[in-house]
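Take them in order, with the viewer open.

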Amino acid sequence: MGNNTKYLQRLLISTGNPKNIFELSLLLGTVLPIIFFTILSHTQQKIIEVETIKYTLLFLAMAHVSTTVYFYNVKAFRINIISQNKFMYIYTPLILFVFCGCIFTFSSQFFKPYLLLFYWLWQAYHYGKQNIGVYSFISYSQTKKPICRLEKISITLGILAGILPTWKVIGYNVAPSYLHNLINFFYWMGQPVFFAGLILSIYVFIVKNSCFTLLKSIFFFLLVFFFLPIYLSDNILVTFHTYATAHGIQYIIFMTVIAINSEQAKDKAQKQSTLLKSLFLLSLYLIVGGLIFFYSQDLNKLVFIQNHSILSSCTDFLLGGLLGLTMAHFVVDAHAWKLSQVNQRKFILEKFSFIFK
């Protein structure tokens, strides 16, 4: 690790290098939301600039889901992956949209709490799976080697320590009262699991020190401790929005790389035109989809909707449908980045050639 300091200097200076930009973006996108919301949770005074940053970050945390649509815009992805997995990419999102919409509309009092509890567990698992993916990219970018088994186990323990207390942090008030003791038990169990991940990560770092660079070390412990804010506060800004926003920004960074390298161009002029078109479409999906997800939560508060049963039912269906589309994002994302599959591996290696070549 003797050259780590020099490497960090190069990382900060050589911003023209795609690999450096990617690594630095992921680092800042992960760390800054955690720092910001932690500090904000201890601030009583409301400042316009700070509130603007807050709502921008919260917006990105929700809006990242809609950028998944960009996969459908890439010709190579449509032909080689979507066309061969239509049920996964086309019918599953439709089924989840309708199913969750119906639950929210017709069975909200009975089934909705259980649907939400299931969703929140799946969401935490989804966050964790992306952490392993992020670390895999960083590991290969830094050392040209995949992560070892013990590194993966360390991060997995950190993920489990984040899944176990999820219901306590987000779903306690939604869950039926008979589940409260179980939820408290899960929260308590998360702490020794986290401690086990801490001990193992330190052991792995010491035993396999030669496999770590400075940046890889930072990401390793950052992702092992990704869900640590859950245990440090009772403020939702810390216990949820810290890592939820970091996850969203990570995903936007990955999708931006896909957009930048989405289509091949024959000459410089065409390449520039294609790049602008790709980034415009990604931005459009991000902004429009984000606005729908962000502001739909307040529709039921509007008086004219509350006073009309049909409008109220339609709003419930929309809210449930958006939850279903978020689940569809989990499904599509898990399959799209599955490098064990030949077509996905070929697609991802091509788009991230600045790392894998």
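1. Let's start with serine 278, which sits in helix α12 (residues 268–296). Helices here are DSSP runs of H or I with at least four residues, and strands are runs of E with at least two, numbered from the N terminus. Serine 278 has a relative accessible area of 4%, so it is buried. Buried means under 20% relative accessible area, exposed means over 50%, and partly exposed is in between, with a 1.4 Å probe and protein chains only. Apart from neighbours within four places in sequence, serine 278 touches Tyr70, Ala259 and Ser262, where contact means heavy atoms within 4.5 Å.

2. A quick word on what you're looking at: this is a predicted model, in which local features need pLDDT of at least 70 and side-chain atom pairs count only at pLDDT 80 or more, while totals for chains, interfaces and linings use all residues. Residues are numbered from 1 along each chain as its sequence is written, and side-chain values use heavy atoms, leaving out hydrogens and water.

3. Ser262 turns up again if you look at lysine 351, which counts it among its contacts along with Val257, Ile258 and Asn261, leaving aside neighbours within four places in sequence. Lysine 351 is in helix α15 (residues 342–351). Is this lysine buried or exposed? With a relative accessible area of 2%, lysine 351 is buried.

4. Isoleucine 252 belongs to helix α11 (residues 236–260). Its relative accessibility is 15%, so isoleucine 252 counts as buried too. Beyond neighbours within four places in sequence, it is in contact with Leu60, His64 and Leu286. Lysine 301 is 49 residues away along the chain, and the C-alpha atoms of isoleucine 252 and lysine 301 are 30 Å apart.

5. Now for the helix pairs. Helix α2 (residues 18–40) packs with helix α3 (residues 48–63) at an angle of about 130 degrees, and their axes are 11 Å apart. That angle makes α2 oblique to α3. Axes are lines fitted to C-alpha atoms, for helices over the stretch in contact, and angles between N-to-C directions run from 0 to 180 degrees. Under 35 degrees counts as roughly parallel, over 145 as roughly antiparallel, 65 to 115 as roughly perpendicular, and the rest as oblique.

6. Which residues of α2 and α3 meet? Phe36, Phe37 and Leu40 come from α2, and Val50, Ile53, Lys54, Leu57 and Leu58 from α3. By class, the residues of this contact are seven nonpolar, no polar and one charged. Nonpolar covers Ala, Val, Leu, Ile, Met, Phe, Trp, Tyr, Cys and Pro; charged covers Asp, Glu, Lys and Arg; the others, Gly among them, are polar.

7. Helix α4 (residues 75–82) and helix α5 (residues 86–106) pack at about 100 degrees, with axes 9 Å apart. The two are therefore roughly perpendicular to each other. Phe77, Ile81 and Ile82 of α4 make the contact with Lys86, Tyr89 and Ile90 of α5. That gives five nonpolar residues, no polar and one charged.

8. Follow α5 on to α6: this pair packs at an angle of about 140 degrees, with axes 9 Å apart, and the two are therefore oblique to each other. Phe99, Cys100, Ile103 and Phe104 of α5 meet Lys112, Leu115 and Leu116 of α6. The contact has six nonpolar residues, no polar and one charged.

9. Lysine 144 lies in the loop between α6 and α7 (149–163) and is partly exposed, at 39% relative accessible area.

10. Finally, α7: its buried residues include Glu151, Ile155, Gly158 and Ala161. The buried residues of α7 pack against α6, α8 (166–171), α9 (180–207) and α10 (214–224). Leucine 228, in the loop between α10 and α11, has its C-alpha 8.2 Å from that of alanine 161, though they are 67 residues apart in sequence.
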